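Me: I'm new to this one and would like to go through its charged residues. Can you take me through it?
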Amino acid sequence: MDNKIKKAGVIGAGVMGAAIAAQLANVGIDTILLDIVPFELTEDDLKKGLTKESKDFRNRLAQRGVQTALKSKPASFYLPENSKLISMGNIEDDLERLKEVDWIIEAVVERLDIKKSVFEKIESVLTPETIVTSNTSGISARAMCEGRSEKFRKQFAITHFFNPPRYMKLLEIVRGPDTLPEVIERLAETCERTLGKGIVYAKDTPNFVANRIGVYSMLYVIRAMVDLGLTIEAVDQLTGPVVGHPKSASFRTADLVGLDTLVHVAENVYQGCPNDEKRQMFKIPEFINQMIEKGLLGEKTKQGFYKKSQDDKGQKVILSLDYHTLEYSPQQEVKFASLEAAKNISGTAGKFKSLYYADDVAGEFTFRTTSETLIYSANRIPEIADDIVNVDNAMKWGFARKMGPFEAWDVLGVPKSVEKMKNAGFQIPAWVQEMLDSGKESFYKRENGNLYFYDLATKDYKEVPVKPGIILLPSLKERGKTVAGNKGATLIDLGDGVACLEFHTKMNALGDDIINMIFKSADIVSKDFDGLVIANHADNFSVGANLPLILFTAQEEEWDELEWMVKTFQDSFMKLKYLDKPVVAAPAGMALGGGCELCMAADKVRYAAETYMGLVEVGVGLIPAGGGTKELIIRNTENLFEVQPGGVYPKQIELMPFIARAFETIALAKVSTSGPEAVKLGYLRSTDKMTVNRDFLIEDAKKTVLAMNMEGYTPRRPLEDIRVAGENSFATMKMAIWTLHEQGYATDHDVTVAEKVAYVVCGGRVHADTKVSEQYLLDLEREAFLSLCGDPKTHARIQHMLTTGKPLRN
C-alpha cells in the first residue's frame, strides 16, 4: 500500500480545524473541510436570496473557516492561493466524500459526547486504509474509542496540533488502546516530513505532555506572583527571553491562548488526575474566576491581563491588570538589580543561571517557579512520557522555549541546584537523587559528537536518536570535521564531497570575518570538494550587513574604506555565483538584505517553509548593493528575450513593466511571509525547492548539490548582455515618485532613496534596450549606496533602526 497521504478530511471548521486544513493545503494535500449545517438563515443570507437548501447556506461554516484562515495574522497560508486546495462542505451532504481521503482529522469542540457522535458518523464511511485522528488537547483516546468497532479502534490515534498549526512545531501523537503500529508510523512520517512537525510520543493521560507541564508552570507562576507581591508586567519580564522563553512570556501568552482555554485545561487535570501530588495547584485562583465572569479572556475579548488603549495625547498604550482590583493602569517600570545584571550577560544559559541564583526578589521568584517546574516535570516520568527527551521536546516545540526542563536543569548544574532546593525544603524526585548518588551529575552528556540522555528504565545514559536525514553541524565539529574557520564562520565537511559554510555571528550579520571566510571557502571548495552548502542552525539565516560598522565608517567619512568594504562584499558574492562547483544556499528564518543577496548568488536555494526574505535596505536609507538590485533586474527580465521553440525570436518587448516590478519590490522593502512567497516576489526562482521541516534542510541542500553534479554541473558565466530600460523609463519613474511625494505618501528623503533605486534598476543614463554587464550594474549599485551613506538623514535612519529595531521615516 502507498503510505503517502495525498488527501485529507477535516471535520470542524473552527479556528483550529481551518488552520489545520490550511497547513495541509500548504504542503500540497487536497483537503475536504466539513462542518455542521447552520441552524437558521441569517439576515445576510436572506438578503442574498439563500434558502435552507442553498449550498452557500449549508456550507457556510466551512466557508467562514477558510475565510478566517485567509485573514488570520500571522498568516495560516504560505500563499493565499493555497486555499484552492480546500474544498468545503457539510457533514449532512458530504460525509460520503470522506471515503476518498487517506486521513480524517476530527477538530470539533472539546466535548466527549460531540466527538463520539462525529466518530459514529465517520465509522459509516470508514475505509480499511483511512486513518482517523482527533485533535483533542486532553480528552482520553480510550474514552473516545469506547463503543467503536475494532476496525475504527485499530485506525484511530490522537494528533494534537498546537496553535497556530503552521508555526508551532509540536505535534503530540497518542496511541489508542488498539492502534496499529503501522498507523503510528504512517502518521509520524507524514506529520514530520510533509507537515514539518516535531513528534512527541505522549501517554494517554489528561493534557498529554506539554499542556500538563506548561499549565502547571503557569498556575504556579501566578501563585508565586501573588505571594511575592509582583505585578503582571514584572512577571513577564522575568519569564521572557531572559530565561529562554518567548517574548510573550507568561501573561501575554495567556492572553493569546485565552483565559477560558487555560482554565479548561487546568480543570481537565484536576478532574482526571486524582493522584497527582500537585493536584491542588490546578484549582483556579479566585481572581482568575472573576476575570472570566467579567469577560476578561484575553485577545478574543480585547482585554485580559493586558488591554490596548490610548493615553491623553491619543498615543497607543498597553495597560496591565491590577489583579487585586481587576482595574487597568499604565504599566510600571520593572527594575530588579538581578534582572539588569542578567540582561548584560551573554547567552541565554548565563542569564538564566544568574537569575536563578540571585538573592533579591526577582531571584527568589525565578528560583521558586523554576524549581517547582523542574521537580513536577521529573515526577511526570514515566506517567506522561517514557523519557526526558520527549518532555524537553514538548516544552521547546509547544511553548517556543530555548530549553526543555531537563536541559534547563543541566544549565543550572544539577548537584548545586538540588542542594539549593533541599535547603529551601523542596522534595527531590527519587530517581533524580538516585542518578546523582550513582555519580551521574547531568541529564545529558556529549561524547565523540553524540548526545546521550539519562534513561530512567536502564538507569544509564542512552544515545539520543537522530533520524536519518538530519545533519547536526555542532556534532560534526565535535568529530573533527572542521575544515577552516574564524570567529564569524566555519567551513565543515558534510561528507560525500560536500562542504557547508556556517555563520555564527550575532543574528548572522555579515561582517569582515564572514566575508573573508566566503573567499577562503570558495577557494577550498574549488580545490578539494564537489560542492558547497551555505546553512546554519541559528534562528535566522542572516539579517544582512553589519550596520554599526557601515554607520561608523560613514560618520568618520572614510569613503575609500567604505567603498572597499562594499566592493569586497560584491566580489565575495560574485565569487560564489561563478564558482566552478555547485553552491546551494539553505535559508531559514530571516534572510534580509545581504542575507537575501547571498541566496540570490547561489546556483540553487533549498529554503525552509518559514523563510522571511527581502531586500530591506531602503528602510535605513540605502539601496541593496551586494548584487541584490542587479539580480532583481536579471530575474524580472531574463526570460523575455529567449528564442522560442522553432527558432522564433521574440518581438520587441517594453521593459518598463518588468523593471517597475523590481523597483517596487526594492522601494517598498517587501519581505516574504513564507518561502513560497519569496518565489512569488522574485527573490527565489521556481526551480528552488522547499523543505517544510527545517530539521532536514541541510541534508536536503546537500542532496541538491549531489544531484546537480550527477546531472552534470556546468558553471555559470558572467552576463555581459543584460538589457536595461534606460533614461526614459527612469524619467517616468521619477515622475511617479514625485507624484507620491506631492500626495503626502513619501518624504523628501524617501524621494532621494527611491530615485537612486530607480536610477540603478533602469541602468543609469543610457538609451532604452542598451546591453550592459553585471559589473556595470554592480558599479551603479555601489555608487548609489556610497552617495546615500553621505546623507545625514540616512545616518539618522540607521541609528534609529539600531536603537529601536524599527525603520524611521524622515
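Reply: A definition to start with: a residue is exposed when its relative accessible area is over 50%, buried when it is under 20%, and partly exposed in between. Keep in mind that this is a predicted model.

Me: Ok. Is Glu 557 buried or exposed, then?
Reply: Glu 557 has a relative accessibility of 55%, so it counts as exposed. It lies in the loop between helix 24 (547-555) and helix 25.

Me: Which residues gather with Glu 557 in a patch of negative charge?
Reply: Asp 512, Asp 513, Glu 556, Glu 558, Asp 560 and Glu 561 are in that surface patch with Glu 557.

Me: Which helices supply at least two residues each?
Reply: Helix 23 (512-528) and helix 25 (559-577) do.

Me: New topic. How many salt bridges does the structure hold?
Reply: There are 53. In one of them, the side chains of Lys 577 and Glu 631 meet, with N to O at 2.6 Å. Lys 577 is in helix 25 and Glu 631 in helix 27 (residues 628-637), 54 residues apart, so the pair links distant parts of the chain.

Me: Are those two buried or exposed?
Reply: Lys 577 is buried, because its relative accessible area is 5%. Glu 631 is buried too, at 3%.

Me: And what about Asp 700, which residue does its side chain meet?
Reply: Arg 193, in a salt bridge of 3.7 Å, N to O. Asp 700 lies in helix 30 and Arg 193 in helix 9, so the pair ties together parts 507 residues apart in sequence. Asp 700 counts as buried at 8%, whereas Arg 193 is partly exposed at 32%.

How values were computed: Residues are numbered from 1 along each chain as its sequence is written. This is a predicted model: local features need pLDDT of at least 70, side-chain atom pairs count only at pLDDT 80 or more; totals for chains, interfaces and linings use all residues. Side-chain values use heavy atoms; hydrogens and water are left out. Patches are made of residues with over 30% relative accessible area and no salt bridge: like charges are joined within 9 Å, nonpolar side chains (Val, Leu, Ile, Met, Phe, Trp, Tyr) within 5 Å. Accessible areas come from the Shrake-Rupley method with a 1.4 Å probe; for residues, only the protein chains shown count as cover. A salt bridge is a side-chain nitrogen of Lys or Arg within 4 Å of a carboxyl oxygen of Asp or Glu. Lys and Arg count as positive and Asp and Glu as negative; His and the chain ends are not counted. The place of a charge is taken as NZ of Lys, CZ of Arg, CG of Asp or CD of Glu. Helices (H or I, at least four residues) and strands (E, at least two) are DSSP runs, numbered from the N terminus. Buried means under 20% relative accessible area, exposed over 50%, partly exposed in between (1.4 Å probe, protein chains only).
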